[in-house]
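Thanks for asking me to look this one over. Please have the model open beside you while you read my notes.

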Amino acid sequence: MKVLLAALRQTHRAAVRSSVAGGGLAPLREEALVVGSSRELVRTLGPRAEVRTGFITEEEEGALLRELEPGLKKKRYEWDHWDDAIHGYRETERVSWGSACEEVMSRVRSTAFPEGSPLLGPVHILDLDKTGYIKPHIDSVKFCGSTIAGLSLLSDSIMRLVKEDSTDEWMDLLLPRRSLYILRDQARYDFTHQILKDEESVFNGRKVPRLRRISIICRNLPG
C-alpha cells in the first residue's frame, strides 16, 4: 500500500501527559499512555489517537499467532521497502480467520469503525524484526479512509505522531503488547506516524524495549 513519507525534523520539549483508561502490562500500568509537545495538543488530538490496553487476552494472542506464524515463517525479513517506509519487515494479508480469531477481528471492527463503514479488503499483517522500524508516513488517501486500527502482538512499542506541516507538534503513544490503537481523522490525515527503533524506544524518559512485533492492521475505505 502506498504511503507518503514526511521528514521528521523535531526537538522534543518537556512532554505533557494524558492518562488513558484501561489496564496495561504490570510494569506500565500506572504510566500515562500518551505524551505530547503541549497540553493543548494532547487535549485536542488525544481523542483521535486512542490506545486501548488489554484489548485481547494472552489466549487470544496465542490463537492469532498460531494462524499467522506458518505463513510468516515462509517469508524472509526485507530491509528495502519499495517506498523506503519500512525496514526489517515481512508482511502478508489475511482474508479469513478461524472462529476464535474472527471473534477478535469482529471486536476490532465494532470498536474502531462506525457501523456499516466499508473496510479496505484483506487485513494487513506486518511483522517487524527486533531491529526493524517504520519511518514517518501518512497512509495514502487514495486507498485508505478516515480510520486506521491496529493490534500489537509480541512486544510493547512506541508510535510517534508528528504534524506534517509543523514538526514541533508531536505526540507519542505507548502501545503495550495486546493493545489496540486507533487513529482517526486529524491524527490519521495531518500527522505522520511511525514505530520507533529499539534504540530510540524511550517513552517519557523511560526505556521501552522493542522486541519482534506483529501488528494486525485494519483500515476503512475513503468516504
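The numbered points below go from the whole chain to single residues.

1. **Ground rules.** This is a predicted model, in which local features need pLDDT of at least 70, side-chain atom pairs count only at pLDDT 80 or more, and totals for chains, interfaces and linings use all residues. Residues are numbered from 1 along each chain as its sequence is written, and side-chain values use heavy atoms, with hydrogens and water left out.

2. **Overall make-up.** The protein has four helices and 14 strands; helices (H or I, at least four residues) and strands (E, at least two) are DSSP runs, numbered from the N terminus. Of its 223 residues, 52% count as buried. Here buried means under 20% relative accessible area, exposed over 50%, and partly exposed in between, with a 1.4 Å probe and protein chains only. Among contacts with a separation of 6 or more, 81% join residues 24 or more positions apart; a contact means heavy atoms within 4.5 Å.

3. **Helix H3.** Do take a look at H3, which covers residues 99-112. Its 14 residues reach 20 Å from the first C-alpha to the last, close to the 20 Å expected at 1.5 Å a residue. That expected span is 1.5 Å times one less than the number of residues. Cys101, Val104, Met105, Val108 and Ala112 are buried in this helix. Seen down the axis of H3, the buried residues fall within an arc of 95°, so they line one face of the helix; the arc is that of the directions from the helix axis to the C-beta atoms. Ser99, Glu103 and Ser110, on the other side of H3, are exposed.

4. **What H3 packs against.** Which elements meet the buried residues of H3? They are helix H2 (58-72) and the strands E6 (123-139), E7 (147-153), E10 (180-184) and E14 (213-219).

5. **Two nonpolar cores.** A nonpolar core is a set of buried Ala, Val, Leu, Ile, Met, Phe, Trp, Tyr and Cys residues joined through side-chain atoms within 4.5 Å. The largest has 33 residues, and Met159, Leu161, Met171, Leu173 and Leu183 touch the most other members. Strand E9 (residues 170-175) gives the most to this core, with five residues. Apart from it lies another core, of 25 residues, including Ile56, Met105, Ile182 and Ile214. In soluble globular proteins, nonpolar side chains tend to be buried together.

6. **Leu161.** Leaving out residues up to four places away in sequence, Leu161 touches Leu45, Ala49, Glu169, Trp170, Met171, Leu173, Leu183, Ala187, Phe191, Thr192 and His193.

7. **Charges over rings.** The charged end of Arg90 sits over the ring of Tyr77, 4.2 Å from its centre, and Lys197 lies over the face of Tyr133, at 4.5 Å from the ring centre. The test asks for NZ of Lys or CZ of Arg within 6 Å of the ring centre and within 35 degrees of the ring normal.

8. **Phe55.** This residue lies in the loop between strand E4 (49-52) and H2. Is Phe55 buried or exposed? Phe55 is buried, with a relative accessible area of 12%. Beyond four places in sequence, its contacts include Arg107 and Val108, as well as Leu151 and Leu180. Phe55 and Arg177 are 122 residues apart in sequence, yet 9.4 Å apart in space, C-alpha to C-alpha.

9. **Positive phi.** Leu154, in the loop between E7 and strand E8 (157-163), has a positive phi of about 80° although it is not a glycine. Leu154 counts as buried, at 18% relative accessibility. Asn204, also not a glycine, has a positive phi of about 55°. Asn204 lies in the loop between strand E12 (202-203) and strand E13 (206-207) and is partly exposed, with a relative accessible area of 32%.

10. Ile195 lies in strand E11 (residues 191-195) and counts as buried at 3% relative accessibility. Its contacts beyond four places in sequence include Leu128, Tyr133, Met159 and Arg213. Pro118, in the loop between H3 and E6, is partly exposed, with a relative accessible area of 46%. Pro118 touches Asn220 and Leu221, not counting residues up to four places away in sequence.
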